[in-house]
Amino acid sequence: MAQLASWLPLITVLLVLAYAVAAYFLLIMPQIGPLLPGGALDNGPIKAKISDDQAYIKKLQAYLTYYTALSDENKQRAASIMPLDADNPGIIVALDAIARKNNMVLTSVDAVTDEKSVNQYGRKSVRISAAVDGGGYDQFKLFLNDVEHSLRLFDVQSIIFSPTGGYGLVMRAYFVEPKMPASASKGAPAKP
């Protein structure tokens, strides 16, 4: 028994260490695990997202600085090339003006916004079917040249030649629909 009493302090120390190790692995490690890299509470991906967002904000600020440095004339020109709405009446007026300039008559126009053609930047397209009459082939070439050089962006997709001298066109025009902030998406539409 005397020998056991001499080992008692060592056994007590070993038992305390064993309880401490067990407590660490059973009580503390489950609480620390989610905080370690790859754990549920790891903030590494959040920090990476914040860094990406800050880089994106700097890029937007650079674009804003560039935009504010533009003259009003250039801002108006950019808005004419890629407006913030479909502006179907403006498309009809522009095509009619081009036809009149080339001694032709715009006989029909159908402009329909294509809701399926939205890209990630909010660009949408308007499908345009138009018919022009009153000119020969040379006048029609001039009409197409003016459509190509118009300030509003048009893509001519197909041309139909009629035996009676008329021409049919299928074109696309583009516009950018401003994105609505997430906070405003449930209430009133955001102002551009």
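## A helix-and-sheet chain in a predicted model

Helix α2 (residues 44–69) is built from 26 residues and spans 38 Å from its first C-alpha to its last, close to the 38 Å expected at 1.5 Å a residue, where the expected span is 1.5 Å times one less than the number of residues. Along this helix the count of buried residues among the 26 is zero, and α2 is hardly covered; buried here means under 20% relative accessible area, exposed over 50%, and partly exposed in between, with a 1.4 Å probe and protein chains only.

The structure is a predicted model, in which local features need pLDDT of at least 70 and side-chain atom pairs count only at pLDDT 80 or more, while totals for chains, interfaces and linings use all residues. Residues are numbered from 1 along each chain as its sequence is written, and side-chain values use heavy atoms, with hydrogens and water left out.

### Overall layout

The protein chain holds five helices and four strands, which follow one another from the N terminus as α-α-α-α-β-β-α-β-β. Helices (H or I, at least four residues) and strands (E, at least two) are DSSP runs, numbered from the N terminus. Of the 192 residues of the protein chain, 19% count as buried. The accessible surface comes to about 13900 Å², and 63% of this area belongs to carbon and sulfur atoms; such areas come from the Shrake-Rupley method with a 1.4 Å probe, and for residues only the protein chains shown count as cover. Among contacts in the protein chain with a separation of 6 or more, 61% are between residues 24 or more positions apart, contact meaning heavy atoms within 4.5 Å.

### The sheet and the helix packed on it

Four strands form an open antiparallel sheet in the order β1-β2-β4-β3, two strands being paired if DSSP finds at least two bridges between them. Its edge strands are β1 (105–114) and β3 (154–161), each of which pairs on one side only. From one strand to the next, the twist averages 20 degrees. Helix α4 (residues 88–101) packs on the sheet and touches β1, β2, β3 and β4 (167–176), its direction making about 150 degrees with that of β1; axes are lines fitted to C-alpha atoms, for helices over the stretch in contact, and angles run from 0 to 180 degrees between N-to-C directions.

Strand β2 (residues 123–133) pairs with β1 over nine bridges, and 10 bridges join β2 to β4. Some of the bridge partners are set out below.

| Residue | Bridge partner |
|---|---|
| Leu106 | Val132 in β2 |
| Thr113 | Val126 in β2 |
| Val126 | Ala173 in β4 |

The largest nonpolar core has 21 residues, of which Leu95, Ile128, Val132 and Phe143 touch the most other members; a nonpolar core is a set of buried Ala, Val, Leu, Ile, Met, Phe, Trp, Tyr and Cys residues joined through side-chain atoms within 4.5 Å. At least two residues of this core come from each of α4, β1, β2, α5 and β4, and β4 gives the most, with five residues. Leaving aside neighbours within four places in sequence, Ile128 is in contact with residues including Ile91, Leu95, Val109, Phe154 and Leu169.

Asp146 lies in helix α5 (residues 137–148) and counts as buried because its relative accessibility is 16%. Beyond its neighbours within four places in sequence, Asp146 is in contact with Ile98, Lys101 and Asn102.
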